[in-house]
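Hello,

Here is the structure I promised to hand over. Please have a look, then read my notes below.

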Amino acid sequence: MKEIMLSDFVDKSRSVEELEGDRWPDPPEGSTNLVLSVHELRRRAIEDLTVEDLRRLIAQDVGLDWLLPVALDFLRDTAPQEAAGGWYDDDLLSAALTRKESVWRNAPELARHLDGTVRMLTDLSPYVQREVDAFRATLSDVI
């Protein structure tokens with residue numbers, strides 16, 4: 001029996017823009033590459049986003065209702081292989097861990113899922129370990 005994934009309830013064929021029902025205006029002339037890319041990525045189907053795209057959007061607090069479940073499923077799926085290899089790419093994990101406390105308090109099941117995934121990992125970099133420690137300290141009553 002297939003485990004139910006957090007993102008099973010996300011229509012990944014649609015974009016964040018479509019799911020939010022909010023079309024942003026074009027970015028202002030002279031916008032940074034970050035602003036331009038976030039605007040463009042919001043319009044891309046979630047299933048077409050790369051891990052780096054997810055990291056970028058999550059780090060900017062864009063589309064968290066839809067993107068965090070997708071990212072957390074990815075992190076959980078890859079954790080055993082990453083732990084076995086003794087090295088873990090921290091960028092997406094770091095983006096998830098450093099979201100505002102209110103994000104996790106509004107979705108405690110996601111916070112518990114992320115904590116469970118982190119417990120599977122070994123050899124986290126010192127800076128990500130600090131983020132894990134802060135995440136756990138802030139949400140100790142939730143996780």
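First, the basis. This is a predicted model: local features need pLDDT of at least 70, side-chain atom pairs count only at pLDDT 80 or more, and totals for chains, interfaces and linings use all residues. Residues are numbered from 1 along each chain as its sequence is written, and side-chain values use heavy atoms, with hydrogens and water left out.

H3 and H4

Helix H3 covers residues 51–59; its axis and that of H4 come within 10 Å and cross at roughly 135 degrees. Helices here are DSSP runs (H or I, at least four residues), numbered from the N terminus. Axes are lines fitted to C-alpha atoms over the stretch in contact, and angles run from 0 to 180 degrees between N-to-C directions. The crossing of H3 and H4 is left-handed (the near helix is turned anticlockwise from the far one by less than a right angle). H3 brings Val51, Leu54, Leu57 and Ile58 to the contact, and H4 brings Leu64, Leu67, Leu68, Val70, Ala71 and Phe74. Contact means heavy atoms within 4.5 Å. The residues of this contact divide into 10 nonpolar, no polar and no charged. Ala, Val, Leu, Ile, Met, Phe, Trp, Tyr, Cys and Pro count as nonpolar, Asp, Glu, Lys and Arg as charged, and the others, Gly among them, as polar.

H4 and H7

H4 (residues 64–85) also packs with H7 (residues 108–120), at an angle of about 15 degrees and with the axes 9 Å apart. This pair is therefore roughly parallel. The crossing of H4 and H7 is left-handed. Their contact has 10 nonpolar, 3 polar and 2 charged residues.

Arg99

Where is Arg99 found? Arg99 sits in the loop between H5 (91–97) and H6 (101–105). Its relative accessibility is 10%, so Arg99 counts as buried (under 20% relative accessible area, with a 1.4 Å probe and protein chains only). The Arg99 side chain reaches the backbone oxygen of Ala95 at 2.7 Å and that of Ile58 at 3.4 Å. Not counting residues up to four places away in sequence, Arg99 touches Ile58, Ala59, Asp61, Leu64 and Trp104.

Best wishes

Notes:
Helices (H or I, at least four residues) and strands (E, at least two) are DSSP runs, numbered from the N terminus. Angles under 35 degrees count as roughly parallel, over 145 as roughly antiparallel, 65 to 115 as roughly perpendicular and the rest as oblique. Buried means under 20% relative accessible area, exposed over 50%, partly exposed in between (1.4 Å probe, protein chains only). A polar contact is a pair of N or O atoms within 3.5 Å; within protein, one must be able to donate a hydrogen and the other to accept it, and residues adjacent in sequence count only if both atoms are side-chain atoms.
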